[in-house]
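Subject: Structure handover

Hello,

Here is the structure for you to look over. My notes follow below it.

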Amino acid sequence: MARFYEQHGRRPGRAAGLAVAVAMAAGSAVMLTAPAAHAQVVDVNYQCKTPIGNKGAVSPIDIKSTATSGAYKLVMSFQKGVSSSPVELGKGAMKPTALIQLGGAESGTVPVSGPPNDQAIPANTPIKISDLSGTYTPKGSGKVTFTASTLTIKALGTTTTCTPSNHPRPALTLDVKGSGGASGSTGGSATGGGSAGGQLPQTGPADSAVALGTLGGTVLLAGAAGALWLTRRHQRV
């Protein structure tokens, strides 16, 4: 009888310990699987050379990303207007484009573009820039930074070029894996895009990794629960 109680006292404890260990392992899998991604809003001091002279404006800018088939779709958003026009710009008269500077494991720039203005812009008022989007395809692997660079505004046959003067910090940092499979400044390829059509998740690749890790943890916990049930059934028999 003592041996019976001894066996019944030990086995549930071992099964519970197994469940706890599996749960801890599942949590670790989530942490190790999710790649690092960091985004922040950065103030960019644009100094613009216009046909009627120099103008300047500071706009908070953020860059968001989402993973799409080995590439990343980037969306650059301006929270305040930059530059201005001495005359009204009618609907569709202004077309913005910009460059995003790559740093870290990659070098080069990503061109981004957006649609023309959907409403008239009154004279001598800040020009609101629509969301600009483009596609970045990494060739190397490692941590890559994305920083706002030159903004170009074309309107009424004129071109205004705006350059950051305050050496802004990167607005986005991603851990990427490219087809080259090695870290280094290999220079990723990029193409411009159209309208973003809305905000995109800033950590798309991480979201997928966390979901995958969570699924794996759920499967492991289900296995532990099955082992505990079999142990209890064996004890009853």
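S4 and strand S7 (residues 132-137) run antiparallel, joined by five bridges. Within this pairing, Tyr72 sits opposite Tyr136 of S7. Please keep in mind throughout that this is a predicted model.

Ring pairs connect Tyr72, Tyr136 and Phe146 as a cluster. Over the whole structure, the search gives three aromatic pairs.

S3 and S4 make a hairpin, with two residues between them. Ser69 lies in the turn and has a positive phi of about 50 degrees.

Is S4 itself mostly covered or mostly open? Mostly covered. The strand spans residues 71-78, and seven of its eight residues are buried.

The structure has one disulfide. The bond runs between Cys48 and Cys162, with an S to S distance of 2.1 Å. The two cysteines are 114 residues apart and tie together distant parts of the chain. Cys48 belongs to strand S2 (residues 42-50), while Cys162 belongs to strand S9 (residues 158-164). The link of Cys48 and Cys162 is right-handed, at 110 degrees about the S-S bond.

Are these cysteines buried or exposed? Cys48 counts as buried because its relative accessible area is 1%, under the 20% cut-off. Cys162 is buried too, because its value is 0%.

Last, the chain as a whole. The protein chain has two helices and eleven strands. Along the sequence, the pattern is α-β-β-β-β-β-β-β-β-β-β-β-α. There are 237 residues, and 38% of them are buried.

For the surface, the protein chain exposes about 12,500 Å². Carbon and sulfur atoms supply 58% of that area.

Best regards

Methods
Residues are numbered from 1 along each chain as its sequence is written. This is a predicted model: local features need pLDDT of at least 70, side-chain atom pairs count only at pLDDT 80 or more; totals for chains, interfaces and linings use all residues. Side-chain values use heavy atoms; hydrogens and water are left out. Rings of Phe, Tyr and Trp (its six-membered ring) pair if their centres lie within 6.5 Å; planes under 30 degrees apart count as stacked, over 60 as edge-to-face and the rest as tilted. Buried means under 20% relative accessible area, exposed over 50%, partly exposed in between (1.4 Å probe, protein chains only). Helices (H or I, at least four residues) and strands (E, at least two) are DSSP runs, numbered from the N terminus. Two strands pair if DSSP finds at least two bridges between them. A disulfide is a pair of cysteine sulfur atoms within 2.5 Å. Accessible areas come from the Shrake-Rupley method with a 1.4 Å probe; for residues, only the protein chains shown count as cover.
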